[in-house]
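This briefing goes with the sequence and model shown below. Please keep both in view while reading the points that follow.

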Amino acid sequence: MLARRRRPREVTAINQADTDLRREVREFLAHEMVAGHHRARCDSWMVGHSPEFSRALGERGWIGMTFPPEYGGAGRRSTDRYAVIEELLAAGAPVAAHWFADRQVGPALLRHGTAEQKREFLPGICRGELYFAIGMSEPDSGSDLAAVRTRAVYHSGRWRLSGSKVWTSHAHMAHYALVLARTDATSAEHRHAGLSQFLVDLTLPGVQVRPIITLDGGHHFNEVFFDEVELTDDRLLGKRGEGWSQVMQELALERSGPERFMSTMPLLRSLLRRSTPHHPSLGALLAELASIRALSMTVAEALGRGELPSVDSAIVKDLGTLFERKVIEVVRASACSIAEFDADDELQRLLAEAIAHAPDRTLRGGANEVLRGIVAKTLVAS
């Protein structure tokens, strides 16, 4: 009975703050989106690149929301950030420019960066003016992140970086890349050792970015080549040889956020606006959405406490991928419309976008089979 008396006051306070923040974001989006400055897109966090929109978010304190004020952040709760991101993704807003810097590079800097690195990079990230790409995946490696062949050799006070990365989103527009490289020789049994991370200026001599064009003719993926790129000591993020543990922390952020089940939310919302609320498939979809969202929010709260819920993050990403595939299937069955990229009809256009990007949803952030392996190994070990 005591718990029942306390709970309403706590929930009311939290919900009111959440409601006020969401209302503020929706009013902003009504001006930016409804006024015709931007249109809703599926996978907007991957394909919706707008520096102007990112700067507008930065001016409102909606980038780097959990970062300390001393580095330009808002010092807010992880649940506040979650609310803002949900609203932006639901609207299909163009958030790709700052996405990777806000989601994982900023937290990595806060956790592992030097005071000088934090002062150099974090304020620009929070303003929505400094963009990062993520250099993890490599050619012919699939989802085996430990199969890193990019090397950084230290000599005479300098690092020399050589190798290549692939599926590097927005490297052609980013200012920097956070690159995972092998810095020390290791045995086949200890492939996870000897890895380090570097903050690489993509305008440096020896860096070459080549486009990878997607099925819909879009360009957000790239191959990035490093040919004896010279880096100073202050470009090393964290400690030498601890890159694997740092990347695992970043992947928990990458796999567990609402983008893992809300990439097709603009499509689902468009269908809901023209369908009966009693449609059985829609009811099942919304129930599944609620359960995945609850797990994702639990992970966000754990990350906010400094924990590393790797297994729960993997589950969110796996279930989210399957959910987004179901959204496409339900729309196809319900809408009875043709998917067309240039259609005036919003539902047809969004359906075409969702279908075109469906194959890479199961790969980015780790293939589903790999994620299930992570969960299975943890269950066996426990």
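**Overview**

At 0% relative accessibility, Asp43 counts as buried, where buried means under 20% relative accessible area, exposed over 50% and partly exposed in between, with a 1.4 Å probe and protein chains only. The model is predicted, so local features need pLDDT of at least 70 and side-chain atom pairs count only at pLDDT 80 or more, while totals for chains, interfaces and linings use all residues. Residues are numbered from 1 along each chain as its sequence is written, and side-chain values use heavy atoms, with hydrogens and water left out.

**Whole protein**

- The protein has 13 helices and eight strands; these are DSSP runs numbered from the N terminus, with helices being H or I of at least four residues and strands E of at least two.
- Of the 382 residues in the protein, 49% are buried.
- Among contacts with a separation of 6 or more, 73% join residues 24 or more positions apart; contact means heavy atoms within 4.5 Å.
- The structure holds zero disulfides, a disulfide being a pair of cysteine sulfur atoms within 2.5 Å.
- Cys42 is buried, with a relative accessible area of 1%, and Cys126 is buried at 3%.

**The loop between α1 and α2**

- Asp43 is placed in the loop between α1 and α2.
- The phi of Asp43 is near 55 degrees, which is a positive value in a residue other than glycine.
- Ala40 is found in the loop between α1 (2-34) and α2 (44-47).
- Ala40 is buried, with a relative accessible area of 15%.
- Not counting residues up to four places away in sequence, Ala40 touches Met33, Ala91, Gly92, Pro266, Glu346, Arg349 and Leu350.
- From C-alpha to C-alpha, Ala40 and Pro94 are 8.0 Å apart in space, although 54 residues separate them in sequence.

**Helix α9**

- Helix α9 (residues 265-272) is mostly covered, with six of its eight residues buried.
- The buried residues in α9 are Met265, Pro266, Leu267, Leu268, Ser270 and Leu271.
- Pro266 is also one of the residues that Ala40 touches.

**Strand β7**

- Asn222 lies in strand β7 (residues 219-231), and its relative accessibility of 0% makes it buried.
- Leaving aside neighbours within four places in sequence, Asn222 is in contact with Lys165, Val166, Trp167, Thr168, Ser169, His170, Ala171, His172, Val209, Arg210, Pro211 and Ile212.
- Asn222 and Thr168 are 54 residues apart in sequence and 4.9 Å apart in space, C-alpha to C-alpha.
- Glu228 is found in strand β7 and is partly exposed, at 43% relative accessibility.
- Glu228 is not a glycine, but has a positive phi of about 55 degrees.

**Helix pair α4 and α10**

- Two packed helices are described by the angle between their axes and the distance between the axes.
- The axes of α4 (residues 78-90) and α10 (residues 280-304) come within 9 Å and cross at roughly 140 degrees; axes are lines fitted to C-alpha atoms, for helices over the stretch in contact, and angles run from 0 to 180 degrees between N-to-C directions.
- α4 and α10 are therefore oblique to each other, since angles under 35 degrees count as roughly parallel, over 145 as roughly antiparallel, 65 to 115 as roughly perpendicular and the rest as oblique.
- The crossing of α4 and α10 is right-handed: a crossing is right-handed if the near helix is turned clockwise from the far one by less than a right angle, and left-handed if anticlockwise.
- On the α4 side, Ser78, Thr79, Tyr82 and Glu86 meet Arg293, Ser296, Met297, Ala300, Glu301 and Gly304 of α10.
- This contact of α4 with α10 has three nonpolar, four polar and three charged residues; Ala, Val, Leu, Ile, Met, Phe, Trp, Tyr, Cys and Pro count as nonpolar, Asp, Glu, Lys and Arg as charged, and the others, Gly among them, as polar.

**Helix pair α5 and α7**

- Helix α5 (residues 96-112) and helix α7 (residues 243-256) have axes that come within 9 Å and cross at roughly 140 degrees.
- α5 and α7 are therefore oblique to each other, and α5 passes α7 in a right-handed crossing.
- Arg103, Gln104, Pro107, Ala108, Arg111 and His112 of α5 make the contact with Gln246, Gln249, Glu250, Leu253 and Glu254 of α7.
- By class, the residues of the contact of α5 with α7 divide into three nonpolar, four polar and four charged.
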